[in-house]
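Trainee: Could you walk me through this structure while I have it open on the screen? I'd like to begin with the aromatic rings.

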Amino acid sequence: MIEFKIKDDIIKYALNKLNKVEDCVNLNPSKFGFEKKRIFEGYIGERIIMEFLKINKDVDCFEYDLISNKGKKLEIKTISCKFKPLESYLCTVNSHKINGVHKQKADYYIFLRILNDYSSSWILGWFPCDDFFKVGNFIPKGKDFGKFKFVKANATVLEISKLNKFKI
């Protein structure tokens, strides 16, 4: 995994984008996917990947976040944490679909963890979207699978160690 320091301009970018979204959408913490903190952290993750991969423009549609310089659609998955994650920790793709998974129309998922204080992050790796659902473990909403319970949505999980790693 690659450590990436979060600079002030990344936070400003994410706040600015969040403010634009708030003007258009009613952010509601009770509705899955519309929690203000999660959206803000997602924008931080998008900007980190934009800088890391030298992508100039974000897309930010429901099905994917960025288009790589090679024309690939990228969906960035970011969650906050208290400390550097271990390789055995899980990457998660949540689904709002009641009886299964919603597969976004992206080519690749890129996974990140960011510290709760937004000082540092880790680019964990990437995985082809279609393959993620073949290799990962599907966890239905409400099922306790021994580590924790997914209470808001169905989820598919995969260990960080199984991700493809970026080369520096």
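Trainee: How many aromatic pairs does the count come to here?

Mentor: The count comes to 9 aromatic pairs, where rings of Phe, Tyr and Trp (its six-membered ring) pair if their centres lie within 6.5 Å, and planes under 30 degrees apart count as stacked, over 60 as edge-to-face and the rest as tilted.

Trainee: What kind of pair do Phe 127 and Phe 132 make?

Mentor: They are edge-to-face, because the ring centres of Phe 127 and Phe 132 are 6.2 Å apart and the planes stand at 80°. Phe 127 counts as buried at 9% relative accessibility, and Phe 132 counts as buried at 0%; buried means under 20% relative accessible area, exposed over 50%, and partly exposed in between, with a 1.4 Å probe and protein chains only.

Trainee: And which residues do ring pairs link into a cluster?

Mentor: The cluster is made of Tyr 109, Phe 111, Phe 127, Phe 132 and Phe 133.

Trainee: Before going on, what should I know about the model itself?

Mentor: This is a predicted model, in which local features need pLDDT of at least 70 and side-chain atom pairs count only at pLDDT 80 or more, while totals for chains, interfaces and linings use all residues. Residues are numbered from 1 along each chain as its sequence is written, and side-chain values use heavy atoms, with hydrogens and water left out.

Trainee: Okay, then the overall layout: how many helices and strands are there?

Mentor: The protein chain has 3 helices and 9 strands, and from the N terminus on its elements run β-α-α-β-β-β-β-β-β-α-β-β. Helices (H or I, at least four residues) and strands (E, at least two) are DSSP runs, numbered from the N terminus.

Trainee: What share of the residues is buried?

Mentor: Of the 168 residues in the protein chain, 44% are buried. The accessible surface of the chain comes to about 9500 Å², and 53% of that belongs to carbon and sulfur atoms; such areas come from the Shrake-Rupley method with a 1.4 Å probe, and for residues only the protein chains shown count as cover.

Trainee: Which residues have the most contacts inside the largest nonpolar core?

Mentor: That core has 24 residues, and those with the most contacts inside it are Ile 44, Ile 48 and Ile 123. A nonpolar core is a set of buried Ala, Val, Leu, Ile, Met, Phe, Trp, Tyr and Cys residues joined through side-chain atoms within 4.5 Å. The elements giving two or more residues to this core are β1 (2–5), α1 (8–24), α2, β4 (73–81) and β6 (108–115), and α2 contributes the largest share, 7 residues.

Trainee: What does Ile 44 touch, if I leave out its neighbours within four places in sequence?

Mentor: Ile 44 is then in contact with Ile 6, Ile 10, Ile 11, Ala 14, Ile 114 and Tyr 118. Apart from this core lies another, of 17 residues, among them Phe 127, Phe 132, Phe 133 and Ile 160.

Trainee: Let's switch to charges: how many salt bridges are there?

Mentor: The count comes to 10 salt bridges, each being a side-chain nitrogen of Lys or Arg within 4 Å of a carboxyl oxygen of Asp or Glu. One of them joins Glu 41 to Lys 37, with the closest N and O atoms 2.7 Å apart.

Trainee: Where do those two sit, and is each one buried or partly exposed?

Mentor: Glu 41 and Lys 37 are separated by about one helical turn, because they lie 4 residues apart in helix α2 (residues 36–53). Glu 41 counts as buried at 3% relative accessibility, whereas Lys 37 counts as partly exposed at 46%.

Trainee: Which residue does Asp 131 bridge to?

Mentor: Asp 131 forms a salt bridge with Lys 134, the closest N and O atoms being 3.9 Å apart. These residues are 3 apart in helix α3 (residues 129–135), so about one helical turn separates Asp 131 from Lys 134. Asp 131 is partly exposed at 31% relative accessibility, and Lys 134 is exposed at 66%.

Trainee: Which residues are linked in a network of salt bridges?

Mentor: The network links Lys 7, Arg 47 and Glu 51. Arg 47 also lies over the face of Tyr 13, at 4.5 Å from the ring centre; a charge sits over a ring if NZ of Lys or CZ of Arg is within 6 Å of the ring centre and within 35 degrees of the ring normal.

Technical notes: Contact means heavy atoms within 4.5 Å.
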